[in-house]
Structure formats: C-alpha cells, structure tokens
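Hi,

Here is the structure I promised to pass on. Have a look at it first, and then read my notes below.

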Amino acid sequence: MCGGSFPVDVPLNTTQTTQIAADGRWYPNPITVEGALNVVGDAINLTNPVDYITNTGSITSATGYGIRNASTITTLTNFQGGNSLTPTSTALTYTGNLPTNYKIGILSATQYGQLAVTGPNGTISTFDIAPGSVITSKKYVSVFSGIGSINLSNTTGTYGGSSWNLSQEGLTGIWDLLLGPSTADTQASLVNTSSALQSSITLQNTVLVNGFTYDCAVFDKNGICVSAGGRNTTVSAGSINNTSGLLIGSYRLDANNSRVGLSLDQNFSTSMPGGTIKQSNNTPMVGVFGIWQQNLDTTGWQAKLSAGMGQKDTTIQRTVVGTSEPGVGSATMISQGAQAMGKYGFAVMDDVLILPYAGVRYTRNNMGGYTEATSSSVTAPLTMNKVNTNSSAALIGVEGKYKVMPDVTVLASGGVERNMSTNYDNYVATSPSITGLTPISMNPNMVRTRPTASLGAYYDVQKNQRLGINAIYRQEIYQAVGTTTVMATYTVGL
C-alpha cells in the first residue's frame, strides 16, 4: 500500500506480492511511505522478506519502533530525520536485522535521513546516498546511532562527483556523514575564480601597455630628463583600482631630441573586491624606450620602440559556492611586451599639430601553475595548470596637439587596435577527489577590434620644468571590460 497509514487486515492485493507480518497486518512489497505512518506498537513489524522500503515521509510509534525486522530488507531508503538525536528527534527508530543496503536521503542541511538503532543484528553491506538528494552541507551529524564499525561494510564512496565518508564519533556508535565538495559547486567556484583572474590579467596587461606611452622630453644643458608622478588605473570588471608611483628618465642623444629612456612603475596599492586575488607590491614594472624624431618641434617623422616587463606574486583564493572549498594557492604572474610606433606630424595651423600614427604591439601574460594547500577547511585541494595569454595587434589612429597659451598645451588622441593573433590557455583544475571538472575558457567572447582614446594637457612651469596630466581609456580584449588610467607627472630637464 502506498502512502498514509497501514490499517490492520488490509485485503490481499493480487497485483503485487505481499508479505504477512507478525502484527497481523499485510504489507505490500515494496513498501513506500510518503506521508505519516504512526500506529500503536511497532509501525512496521516484519517477519518475512521485503525487497524495498522507501521512506520519504515519517514512520513513528509512541510505544514501539518505527521498524522491527525479524526477516530481511534488501534496501531501505530513508529521508526521515533532522540534525540531532535529542529526545524529540525525528530519526527513524529501528531494531532487529539490519537492511542489506541502506540509502540516506538528503533534502537540506537540516532534513536528512537518520537511523536510530537498538539491538542491531548483522551488517549493512552497502551504504549510499539516495538519488535525488540535495547536498547543501559538508557534514551531516548522527546519520546512524546505536551501531558499531562491525555493522558497516563500507564507510567511503562518491556521490555526484564528491567523495564521502562515515566517521564514528569516538566509540559512541554515533556516525556522521562527511562530504567533500561536489563537482558542480567546485566548477561554479572555478568559474568565479577565472572571472577574477581575467580582471587581474587585464590590469597587468593595461599597466604594461600604458607603459609604452611613457616619455621624458624636457631637457637642459646636460641632456638629461627626470619625471616623477603617480598613476591610477581602474578595471571596470571586478571594480579593480590600482595606484602606482612613476619614475621616468631619459638621455638626449642629439640636437633633434632623439633619446633613450627608462621607466619604473611601482605599485602602491591594489584594491580587488571579493578577496579572490591578491598581488604583492614588491617589484615594479620596468620599461625601456628609444625615440627618434626628425625635428625638435615634433613635425615630420617620428619613431618609437618600447619594451616592458613586470612580475607579481599572486595569491588566489577560490570563492565558496555551496559545498566547494576556499582553496588557496600562490603563483607568479609575469607580463612582457614590446611595441613599435611610427608617427608623422604636420601643422594644420600655427598652434595646432596633427600626428597620424600606426604601429604593432606584442604582449604576453603568464601565470604559473600551483597546488592549493590542504587545511582544516580544504580537504580536496585542486592543482591548477599554468595560464598563458599572448596577443599581437596592429594600431592605427591620430593624435592632436593644441597650444592654448604659450605655456599650456592640450593633447588628445583616438585610435583602433586590431588583434592579428591571440592565444589564451584554458583555466584547468584537477583533483583526485573531485571528478568531472571541465576546462574553463579564459576569453570565450574575445573583442578583436577595440577603441582607445586619451586626453591630456601640460603646463610649462619654466623652460626646463613641466607639469602634465593625461587620461587613457582602453576597451580591453575581454568582452565588456574597459580600463581607465589617469597619470600626473612633474618633469625636470637637467
């Protein structure tokens, strides 16, 4: 009979095999309890074999046991219980021969199968988690009470890609079910982490590329230029904010102001909300550049070669999604690149200069692989493969200079970048304890053609001193990710 209570003397149902029990009631085979079964005496009292008992409801008795078994139960599936074994517990009470197979049903962290056993006889050959269970916790306490290790043949297994084990609380006969992180939750956690990594890589690449614009062009009799200032860069995805100090120097090679230079971009602080990614500030981004120009007033042909390199020690902590774990690991992120740019400047008016430009750029950002550390909260650490990204792009655009006053000049530019080649590794995690993890694309919707623009101004305080400010916007290679950088410098010619 399916659902509800089992009344006394149920007529024989000829469409299914039935068994008669010691209490004089007929029981269907299999038995399914979907509602509340609550009678005087033992609720179910078996003296003949039953293939299956599935309890998704409640089997209780005020004066006996939920189930008394003097025969055999092939498989008992039980969703009845709570999260404790207090006198008011809703655990299914049981006495007699243990079922051959037992499946615990889990609906939530506070509603899952518990079996309180008195006078156990025999062994549960197979313990498993019932299909359709909803895993929302990593620990389910008191799933068994009243049985010893001799009554359990297996205490470990897997469910939904997660490992589980039964752990006895001392020698009390009380067993807890401990689950490792599920595949689905771990995969979701990795997706979140990959998104944070995208923003972190974007920041490093932007700092590298903006470094290709650094220059120092104010000289005096010694042919030396020194510039100091600060930079702030924001990444729209992840709301990342980065501040840095700048030191730029150059040496004039000839009267036309052709020069070579060196730049240092030292991080002061980086704000990455969410705590997934943390980067050290112990090493600066280093750049070198060389500029040749036809004329001192920047009319005519100009060429610039730039290269840069940066290294950041990076700590990655996965966000927790459901049963996933807050795994932590460290790796080194290295950014490298070079750019060649050509311009031609011509005066359209006495105070207006237009400089069309074209160039090519190559950048690469590599993060090493790592293995998360094991801890009390990380029982299934992941091993992450290295992530390499590299791209080459063609650049085209135009710059403009307008001398508003003799000592004040306004600058603006607009251009387009087009990727010529791109290679982005997948984000790949493996674990011997979690099966079924799949690679995650680091850039599934690549933006190959992107705008860039800048706006700035400088004020010549004296003949050999200049105060400048510049803002740069870039659409990045990741979909819907943009960066904005603002720089201020004070330059002195020596």
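Let's start with a quick one: is Ala 480 buried or exposed? Keep in mind that this is a predicted model. Ala 480 turns out to be exposed, with a relative accessible area of 64%. You'll find Ala 480 in the loop between strand S34 (465-475) and strand S35 (482-493). I picked it out for its backbone: Ala 480 has a positive phi of about 60°, and it is not a glycine. Most residues other than glycine have a negative phi.

Asn 257 is another one to look at. It is not a glycine either, yet its phi is positive, at about 75°. Asn 257 also sits in a loop, this time between strand S21 (240-252) and strand S22 (259-271). Its relative accessible area is 5%, so Asn 257 counts as buried, whereas Ala 480 is exposed.

Next, the peptide bonds. Most of them are trans. Now click on Asn 29 and Pro 30: the bond joining them is cis, with omega at about 10°. Pro 30 belongs to the loop between strand S2 (26-28) and strand S3 (31-33).

Now for a hairpin. Strand S17 (residues 156-159) and strand S18 (residues 162-168) run antiparallel and are joined by 4 bridges. One thing to find there is Tyr 159, whose bridge partner in S18 is Ser 162. The hairpin has 2 residues between its strands, and Gly 160 takes a positive phi near 55° in it.

How many aromatic pairs does the structure hold? There are 8 of them. Phe 127 and Phe 144 make one that is edge-to-face, with 5.6 Å from centre to centre and 65° between the planes. This pair links distant parts of the chain, as Phe 127 is in strand S15 (residues 126-129) and Phe 144 is in strand S16 (residues 139-145), 17 residues apart. Both Phe 127 and Phe 144 are buried.

Phe 127 also pairs with Trp 164: the ring centres are 5.2 Å apart and the planes are at 70°, so this pair is edge-to-face. Trp 164 is buried, and so is Phe 127.

The charged end of Arg 466 sits over the ring of Tyr 458, 3.9 Å from the ring centre. Over the ring of Phe 289 you'll see the charged end of Lys 304, at 5.4 Å from the centre.

Terms used: Residues numbered from 1 in each chain as written. Predicted model: local features only at pLDDT ≥ 70, side-chain atom pairs only at ≥ 80, totals over all residues. Heavy atoms only, no water. Buried < 20%, exposed > 50% of the residue type's maximum accessible area, 1.4 Å probe, protein only. Pairing = 2+ DSSP bridges. Phe/Tyr/Trp six-rings, centres within 6.5 Å; stacked < 30°, edge-to-face > 60°. Lys NZ or Arg CZ within 6 Å of the ring centre and 35° of its normal.
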